[in-house]
Amino acid sequence: MTKPPKSKPLLQVDKPLRSRARRPRDPAQPNLPLDPMPVRIEPCLALLKAKPPKGDQWTFEVKWDGYRIAVHIEPKGVRILTRGGHDWTHRFPAIAAEAAQLGAATAILDGEAVVLDEQGRSDFGKLQQSLGGRGGKLNSGASVLMAFDLLYFDGHDLTNTELSTRRHLLETLIAPGREGAIRLSEEIEADGAQLLRIACEHGLEGIIAKDRNSTYRPGRLGDWLKIKCIQSDSFAIVGWEQSMVARGHIGSLLLGAMKDGKLVYVGSVGTGFKDSEAWKLRGIMDKLKAARAPVAYSGRRKDITWLKPKLIVEIEYRAWTSDGKLRHASYKGLREAADEVAILEL
């Protein structure tokens with residue numbers, strides 16, 4: 001089993017990158033009645049914004065580039081669920097083993113499974129490789145859980161509790177600075193704009209802003225925000241344009257995103273493919289041909305093969321055009337389709 005690298009300070013700000021000290025629990029505080037442990041909790045998702053928010057209610061963290069997971073610590077054992085609710089306990093053995101040793105009778109940890117590089121930055125490509133690629137069957141012993149929320153703890157449902165209290169309880173379970181396969185995603189006390197600049201200088205994907213007074217609500221409701229150094233998001237492949245001179249004969253991929261609950265065409269991507277990945281992608285797409293276009297399309301491209309929108313890809317891009325199309329898009333890689341159903345709200 002590959003040993004995860006030790007953490008290194010990712011950001012240098014005026015104040016240390018450590019969560020604030022919390023007061024110990026008052027032993028005179030009455031115990032609350034026990035809540036049944038939920039089988040699954042729909043995740044709170046971060047809404048994409050161009051700039052960090054301002055205001056004392058916002059707290060910031062590093063944005064980790066990996067797979068969103070929920071770690072359920074139950075009396076009968078540990079379960080690890082993906083964002084889409086799939087049981088991946090066996091695929092993250094180091095995280096599962098360490099969760100069983102945390103000392104909690106029951107808990108649900110919310111966080112990101114990542115593989116770290118030598119500088120302590122999350123590397124999505126290395127995570128995919130450790131799992132055997134999209135649809136792979138390998139187990140990732142090198143993965144680390146960066147835990148950033150606690151949704152259930154010792155018989156109590158915390159989803160209706162404000163974030164500041166949930167963080168306090170999380171830090172009683174996972175100490176700041178802890179090494180190993182389960183680590184705390186640190187809160188950072190800094191100006192959001194300054195922190196974003198430093199994050200980008202250090203080669204990070206971006207930052208996350210969270211309303212410290214918010215409860216845990218599923219979906220993209222604005223309680224959590226993501227601000228990226230380079231814009232990127234997940235899109236559905238709705239078709240592809242053939243080119244005999246391109247890798248895998250893929251001239252470009254036609255992309256779709258969600259708008260008002262409907263899949264719409266948002267442009268294409270024709271760069272960023274590696275030769276081996278292009279041929280592998282072509283093989284997958286050949287099994288998903290559709291008789292008609294899954295989106296409204298009025299473009300002039302020829303030799304288009306339409307697909308069932310089941311493949312999800314990560315795309316980097318510079319901006320959006322005024323008519324809702326991606327600008328300067330580049331292919332980054334395939335994601336787990338079952339984990340990325342929502343894709344994007346434009």
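Let me start with a term: on a 1 Å grid over the protein atoms alone, a pocket is an open set of points with protein on both sides within 12 Å along at least five of seven lines, while a cavity is a set of points where a 1.4 Å probe fits but cannot get out. Lining residues have an atom within 4 Å of a point. Grid points are joined across faces, edges and corners, and a volume is the space filled by probe spheres set on the points.

Now the ground rules. This is a predicted model, where local features need pLDDT of at least 70 and side-chain atom pairs count only at pLDDT 80 or more, while totals for chains, interfaces and linings use all residues. Residues are numbered from 1 along each chain as its sequence is written, and side-chain values use heavy atoms, with hydrogens and water left out.

First, the overview. The protein has five helices and 18 strands. Of the 346 residues, 52% are buried. Buried means under 20% relative accessible area, exposed means over 50%, and partly exposed lies in between, with a 1.4 Å probe and protein chains only. Then contacts, meaning heavy atoms within 4.5 Å. Among contacts with a separation of 6 or more, 70% join residues 24 or more positions apart.

On to the largest pocket. Its volume is about 830 Å³. It is lined by 30 residues, and the closest to its centre are Asp 123, Phe 124, Gly 125, Gln 128 and Lys 332. Which elements each supply at least two residues of the lining? Helix 2 (124–130), helix 5 (275–285) and strand 18 (330–335) do. By class, the lining of this pocket holds twelve charged, ten polar and eight nonpolar residues. For the classes, Asp, Glu, Lys and Arg are charged; Ala, Val, Leu, Ile, Met, Phe, Trp, Tyr, Cys and Pro are nonpolar; the others, Gly among them, are polar.

Strand 3 has the largest share, with three residues. In this cavity the lining counts seven nonpolar, four charged and one polar.

Strand 4 (77–82) also leads us to Thr 89, in the loop between that strand and helix 1 (93–99). Is Thr 89 buried or exposed? Thr 89 counts as buried, because its relative accessibility is 17%. A polar atom of the Thr 89 side chain lies 2.9 Å from the backbone nitrogen of Ile 80. Leaving aside neighbours within four places in sequence, Thr 89 is in contact with Val 78, Arg 79, Ile 80 and Ala 96.

Four strands form an open sheet with mixed pairing, in the order 1-10-9-2. Strand 1 and strand 2 (58–62) stand at the edges with a single partner strand each, so one side of each has no neighbour in the sheet. Two strands pair if DSSP finds at least two bridges between them.

Look at strand 10 (residues 224–228). Five of its five residues are buried. Both faces are covered, with Trp 224, Lys 226 and Lys 228 on one side, and Leu 225 and Ile 227 on the other. Strand 10 pairs with strand 1 (residues 47–48) in the parallel sense over two bridges. There, Leu 47 stands opposite Leu 225. With strand 9 (residues 206–211), strand 10 pairs in the antiparallel sense over five bridges. Gly 206 has Lys 228 as its bridge partner, and Lys 210 has Trp 224.

Most residues other than glycine have a negative phi. Asp 154 has a positive phi, near 50°. Asp 154 sits in the loop between strand 6 (144–153) and strand 7 (156–157). Asp 154 counts as partly exposed, at 36% relative accessibility. Asp 260 also has a positive phi, of about 55°. Asp 260 lies in the loop between strand 12 (250–259) and strand 13 (262–269). At 72% relative accessibility, Asp 260 counts as exposed.

Notes
A polar contact is a pair of N or O atoms within 3.5 Å; within protein, one must be able to donate a hydrogen and the other to accept it, and residues adjacent in sequence count only if both atoms are side-chain atoms.
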